[in-house]
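Subject: Structure handover

Hello,

Here is the structure I promised you. Please open it beside this email and follow along. My notes come after it.

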Amino acid sequence: MATLTRAESPTPAAGPRPKAGAPDAAAPDAEAAASDPALTPDDRLALYRFLVQMRAIEERGVALYKQGKVPGSFYDGRGQEAISVGATFALGPDDVVCSPLIRDLGAHLVRGTDVTEILRHYMGRQNALSHGREGNVHFGDRARGVVGMVSMLPDMMVVAVGLAMAFRMRGERRVALSFFGDGATSRGDWHEAMNWAGVRKEPVVFVCENNGLAYSTPSDRQFVVGPAERAAGYGVASTTVDGNDVEAVHAAVHAARLRALAGDGPTLVEARTMRMHGHGAHDDQRYVDPELLASWTPKDPLTRYDARLTEQGVDTAAVRERVAAELEQAVTVALTAPLPDPAVATSDVFCAGEPATLGRGDAPWSFHSPEAAA
Amino acid sequence: MSTMTYLQAITDGLRTEMRQDERVFVLGEDVGAFGGAFKATAGLYDEFGADRVQDTPIAESAIIGASVGAALAGLRPVAEMQFSDFVACGFDQLVNVAGKMHYRTGLAVPMVLRLPTGGGFAGGPFHSQNPEAWFMHAPGLKVVAPSTPADAKGLLMSALRDPNPVCFLEHKNLYRRQKGEVPEGTHLEPFEARVVRAGEELTIVAYGAMVHAALAAADTFEPGRVEVLDLRSLVPLDEEAILASVRRTSKVLIVDEANETCAAGAQVAALVADRAFSDLDGPVRRIATPDVPIPFSPTLEASVLPTPDRIAEAARELLAY
């Protein structure tokens, strides 16, 4: 399990600079997967199911894009599924995700957003999430405490800090969780969010998905000191985990959440991973060394977790079959949805009534039960 | 009613709403014990404490972005930019995050962004701007600009109750120069224009500090000839009030203190040309600051900002047209 690096601890020296196209960590050792003792067999089954679901939806999404049924482009998180799934799984129902990014479909699935609605959204059809005004993974689900992302990264980290600030001011036991990539750490809003969260000790958890690439630009062209090391400079605790190990990610975010709830302030969880697809469906990422990609293939978060659960006696094939069947049903329904009424294009720029509040997300996981808390 | 300066009316509006709505809180640079660079939040820290009158890091993007987050959580943040010019540092959070939130996600962002604007006191290129057109061009933001103490309080309190992000442009040159009767307690003004001087032959459209320049210009003519329309709100723009006035007088002069190109007045001119063309008896005229940064030296600054003399001269020409 990951251990927290306290903010006041001496900063580890920056390691050797990575090669172009490489994350600043070697591919994780598949044998050294962490096991989170907080998880029950049911939790593990749920985690696996969400990983499978995210992979399946995105594979189907790419196919729909190539068939011309998804306008614009299509962005997926292949190889990074364990991060959004594991991190969001650690949240309580009143916590807010602000925001899942384009590699984080799993966060929406864990919070319980309807898959058919997501598919309608992808295809620009009538849907309750975005009404066709948005596309890609740019959606939220306010009823489930999920605020949709914007394309300017890491803007939503700052917004998450504001949410956390409100929770703290009202004395609520809630945290805000914000995802961002390694590339986002180059922008000023990253600095402003880290600094503000640190100085105010806001109950916020930052999850950095370090896949070594900002679109095509490798980390060594973006920064000298890694995100986790930089956190110490802001008084933000940090920890680095194997981002391809769903239980390791979960354990780190679970610990960070408890730390935030205890009033000890923000934590940055740096999850090291590899982006196995291009930035979007239009990008064949030929700029990435094929040998590097090959070295990450055995560390695939799904196959690794599949192997572990199979070893524990879980019928993983049955899970995959059920997810596939449900997805086909959802696609069939989504494809019958009409396109939006053009009047939707010019309505709702302003709120005319009482603001809708953020709702509660799904979080029925065992460790949120009163017994587990005790 | 009590007599207050424009600045005191802003403080009074904040205090009044903070006393009756505990969701309302203030944040910004030096707004706490110091009371703000212009003292707009003077006394609030002592009354409401550090959580509701928050000094922030010098980080405009975080001030606006954190306000968005707090608004999403159900609070009613009032963020102060120390000078409106500094909003450029937080522009992305304002136009991309706050402005588009409701349209994209259905989540409202009830927040007020207070922006001390305007020149006339040797503030130079970074402390004198009138950036309202930036916000007008960004969907999802309301934009209001009071010219009197009563409107400063009334529009501010309405902004605090609006479920959308509202850019509240308070003109620095009016802070202590404008004094007037202000209603006590809750005072709400609609985001609509108002005729502040009735006239029959020419409409001068203005807002903010330029309302007073327009009134001074109107005073140089016989009473009843020149009408002055105070827009008060730029988004929403009170199109019907503008058209009604212009149709009555048949001539229009539009004044902006902002840089000329694509200013609020350009939108008013386009509206009049489009929908009141057949009612006009003369060309649509505009007076604005030329497209230059606001220079420091008082001589230079006075040479670019619209003045009552320049407005009166243009009015004279139009009346004679």
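First, a definition: two residues are in contact if their C-beta atoms, placed from the backbone, lie within 7 Å. This is a predicted model, where local features need pLDDT of at least 70, side-chain atom pairs count only at pLDDT 80 or more, and totals for chains, interfaces and linings use all residues. Residues are numbered from 1 along each chain as its sequence is written, while chains are lettered from A and ligands numbered from 1 in the order in which they are written.

Start with Ala133(B). Leaving aside neighbours within four places in sequence, Ala133(B) is in contact with Ala258(B), Cys262(B), Ala263(B) and Ala264(B). Ala133(B) sits in helix α5 of chain B. Helices (H or I, at least four residues) and strands (E, at least two) are DSSP runs, numbered from the N terminus. Is Ala133(B) buried or exposed? It counts as buried, because it has 20 C-beta neighbours inside 10 Å. The cut-offs are these: 20 or more other C-beta atoms within 10 Å is buried, 12 or fewer is exposed, and in between is partly exposed, with C-beta atoms placed from the backbone. Tyr207(B) is 74 residues from Ala133(B) along the chain, and their C-alpha atoms are separated by 13 Å.

Next, the domains of chain B. The assignment gives domain 1 (2-182) and domain 2 (194-320). Such bounds come from an automatic or database domain assignment. Taken over C-alpha atoms, the centres of domain 1 and domain 2 of chain B are separated by 26 Å. Their contact takes 25 residues from domain 1 of chain B and 22 residues from domain 2 of chain B. On the domain 1 side, α5 (132-136), β6 (142-144), α6 (149-160) and β7 (166-171) of chain B each supply at least two residues. By class, that side of domain 1 has twelve nonpolar, ten polar and three charged residues. Ala, Val, Leu, Ile, Met, Phe, Trp, Tyr, Cys and Pro count as nonpolar, Asp, Glu, Lys and Arg as charged, and the others, Gly among them, as polar.

Now the two chains together.

One helix pair spans the chains. Helix α6 (residues 188-200) of chain A packs with helix α3 (residues 60-72) of chain B at an angle of about 70°, and their axes are 9 Å apart. So α6(A) is roughly perpendicular to α3(B). Axes are lines fitted to C-alpha atoms, for helices over the stretch in contact, and angles run from 0 to 180 degrees between N-to-C directions. Angles under 35 degrees count as roughly parallel, over 145 as roughly antiparallel, 65 to 115 as roughly perpendicular and the rest as oblique. From α6(A), the contact is made by Gly188(A), Asp189(A), Glu192(A), Ala193(A) and Trp196(A). From α3(B) come Ser61(B), Ala62(B), Gly65(B) and Ala66(B). This contact has four nonpolar, three polar and two charged residues.

Helix α4 (residues 115-122) of chain A is largely enclosed by the rest of the structure, because seven of its eight residues are buried. The buried residues include Val115(A), Leu119(A) and Tyr122(A). The buried residues of α4(A) pack against α1 (41-66), α3 and α11 (316-335) of chain A.

Last, the backbone. Most residues other than glycine have a negative phi, and most peptide bonds are trans. Asp30(B) is not a glycine, yet has a positive phi of about 65°. Asp30(B) is found in the loop between β2 (24-28) and α2 (44-48) of chain B. Ser250(B), also not a glycine, has a positive phi of about 75°. A cis peptide bond joins Cys98(A) and Ser99(A), with omega about 10°. Another cis bond runs from Val235(B) to Pro236(B), with omega near 0°.

Best wishes
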